[in-house]
Amino acid sequence: MSVFKKKLSLTSHGGTPTFINITEELRAAICESGIREGIATVISPHTTCAVFFEEFVHDVDADGNEFLQNDLDNALQKIIPNQTGGNQYRYPGEEHYRAVESWPDAEAYLPGGDRTALWNCDAHLKATLIGSSETFEVTDGKLGVGMTGYCYFVDFDRTRPRTRKCAIVVMGE
């Protein structure tokens, strides 16, 4: 069995969830791997990000988000409203604030000491529901999904733009 790994660097915009279609990168990784039969797994190491499989939608809003992405975000907001206040959720608590403030790179997480930069409990919960990975069949050296099946990476954290990472692992023969 062979194992091939590829890292993606993705940019989220903050303000709203960032949905990124990574299907072409997944197809390219499978091709690059040389693996003909097996599986390909897409993994997010971030606790506010998720990976999901959905139909490609041709209709997009003014921000470029596909209609299904908007519908998913709206449905999740009904279950888990966006965090807009410090007392809306139990997380983050005082101990977490103090821990982050003690980190050597605290400024990256709390710009100017602004604790509202950690108001992302909703993003953690949404990512937990969706899941941090997806596994796909590799058949005859190609992504084994139907014509409209696409792979998406989403950063639910709205607090600020940032660079995110994603791994593609292809295993098989």
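## A proline in a loop

Pro-92 sits in the loop that links helix H2 (67–79) to helix H3 (94–102). Helices and strands here are DSSP runs, numbered from the N terminus: a helix is H or I with at least four residues, and a strand is E with at least two. The peptide bond leading from Tyr-91 into Pro-92 is cis, and its omega is near -5°.

Before we go on, a word about the model. It is predicted, so local features need pLDDT of at least 70 and side-chain atom pairs count only at pLDDT 80 or more, while totals for chains, interfaces and linings use all residues. Residues are numbered from 1 along each chain as its sequence is written, and side-chain values use heavy atoms, with hydrogens and water left out.

## A three-stranded sheet

Now look for the open sheet, where three strands are arranged in the order S2-S7-S4 with antiparallel pairing. At its edges are strand S2 (18–21) and strand S4 (49–55), each of which pairs on one side only. On average, neighbouring strands of this sheet are turned by 30° against each other, direction ignored. In general, strands of a sheet pair through backbone hydrogen bonds, either parallel or antiparallel.

Strands count as paired if DSSP finds at least two bridges between them. How many bridges join S2 to strand S7 (residues 149–155)? There are four, and the two strands run antiparallel. Within this pairing, Asn-21 has Tyr-152 of S7 as its bridge partner.

Helix H1 (residues 23–33) lies across S2 and S7, and runs at about 115° to S7. Contact means heavy atoms within 4.5 Å. Axes are lines fitted to C-alpha atoms, for helices over the stretch in contact, and angles run from 0 to 180 degrees between N-to-C directions.

A disulfide is a pair of cysteine sulfur atoms within 2.5 Å, and a search of the whole structure finds zero of them. Cys-121 is in no disulfide, as the nearest cysteine sulfur, in Cys-49, is 15 Å away.

Asp-140 is found in the loop between strand S5 (133–139) and strand S6 (142–143). Although Asp-140 is not a glycine, its phi is positive, about 55°. This residue is partly exposed, with a relative accessible area of 45%.

Key. Buried < 20%, exposed > 50% of the residue type's maximum accessible area, 1.4 Å probe, protein only.
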